[in-house]
Amino acid sequence: MTLNIEHTRCLIVEDDPFKMDSIRAHLKEHFSGRIEIVECHALATASSVLATSTFDLAIIDMSIHSHEPEAGAGSPFPLSSGGLDVLFEIESSGSNTSCIILTQYPDIPIEEVPIPVELAQQEILEKFGIKIAGCVRYVEDDLRWKAEVTSILERL
């Protein structure tokens, strides 16, 4: 995918601004600027964007907030597996979006059971029939996540 598409549309669903900056910088470097990035910071925003747009690639954090903070909208609440809802929406759209889960946590809660990141890809396939490109643990100041994401992108 990364070498055969002249321009890649990417959705990033991430509520941590520092992590978002790191992901965006890495993707722009990897794709040499041939990427259009749409950023969502909450489940509600991602749902709205996915209702009207399709993407070649999605980088999804599993733990996201319900909605953006807005006056009169009530406080956003954390959803430890909100990223799964984003995956379900992408899957139900029938698009060919390649999805990568990128999480700061060592485990991903799937049906309230903590699944180690390295086993989550297979667990999501077995439980929900959703094939994702990979699951990566993000650790600030550790470059392994970049190498893992790059490796996944090169296999697409």
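Glu14, Lys19 and Asp61 are linked in a network of salt bridges, a salt bridge being a side-chain nitrogen of Lys or Arg within 4 Å of a carboxyl oxygen of Asp or Glu. This is a predicted model, in which local features need pLDDT of at least 70 and side-chain atom pairs count only at pLDDT 80 or more, while totals for chains, interfaces and linings use all residues. Residues are numbered from 1 along each chain as its sequence is written, and side-chain values use heavy atoms, with hydrogens and water left out. Helices (H or I, at least four residues) and strands (E, at least two) are DSSP runs, numbered from the N terminus. Buried means under 20% relative accessible area, exposed over 50%, and partly exposed in between (1.4 Å probe, protein chains only).

**Salt bridges**

- Side chains of opposite charge can pair when their charged atoms come close.
- The whole structure holds 8 salt bridges.
- One of them joins glutamate 36 to arginine 9, with the closest N and O atoms 2.7 Å apart. Glutamate 36 belongs to strand S2 (residues 35–40) and arginine 9 to strand S1 (residues 8–13), so this pair ties together parts that are 27 residues apart in sequence.
- Glutamate 36 is partly exposed, at 31% relative accessible area, and arginine 9 is partly exposed at 23%.
- Glutamate 111 forms a salt bridge with lysine 127, where the closest N and O atoms are 3.7 Å apart. Glutamate 111 sits in the loop between strand S7 (107–110) and strand S8 (113–116), and lysine 127 sits in helix H4 (residues 117–128), so the pair ties together parts that are 16 residues apart in sequence.
- Glutamate 111 is exposed at 53% relative accessibility, whereas lysine 127 is partly exposed at 41%.
- Arginine 144 and aspartate 142 meet through their side chains in a salt bridge of 2.6 Å, N to O. Arginine 144 is exposed, with a relative accessible area of 58%, while aspartate 142 counts as buried at 19%.

**The sheet**

- Strands of a sheet pair through backbone hydrogen bonds, either parallel or antiparallel.
- Five strands form an open sheet in the order S2-S1-S3-S6-S9, with parallel pairing; two strands pair if DSSP finds at least two bridges between them.
- S2 and S9 are the edge strands, each pairing on one side only.
- On average, neighbouring strands of this sheet are turned by 20 degrees against each other, direction ignored. Axes are lines fitted to C-alpha atoms, for helices over the stretch in contact, and angles run from 0 to 180 degrees between N-to-C directions.
- S1 and S2 pair in the parallel sense over 6 bridges, and leucine 11 stands opposite valine 38 in S2.
- Helix H2 (residues 43–52) packs on the sheet and touches S1 and S2, its direction making about 135 degrees with that of S2.

**Helix H5**

- The 12 residues of helix H5 (residues 144–155) should span 16 Å at 1.5 Å a residue, and the end C-alpha atoms are 17 Å apart, which agrees. The expected span is 1.5 Å times one less than the number of residues.
- Trp145, Val149, Thr150, Ile152 and Leu153 are the buried residues of H5. Seen down the helix axis, they fall within an arc of 160 degrees, so they line one face of H5; the arc is that of the directions from the axis to the C-beta atoms.
- Arg144, Glu154 and Arg155 are exposed on the other side of H5.
- The buried residues of H5 pack against helix H1 (17–30), strand S3 (57–60), strand S6 (98–103) and strand S9 (134–137), contact meaning heavy atoms within 4.5 Å.
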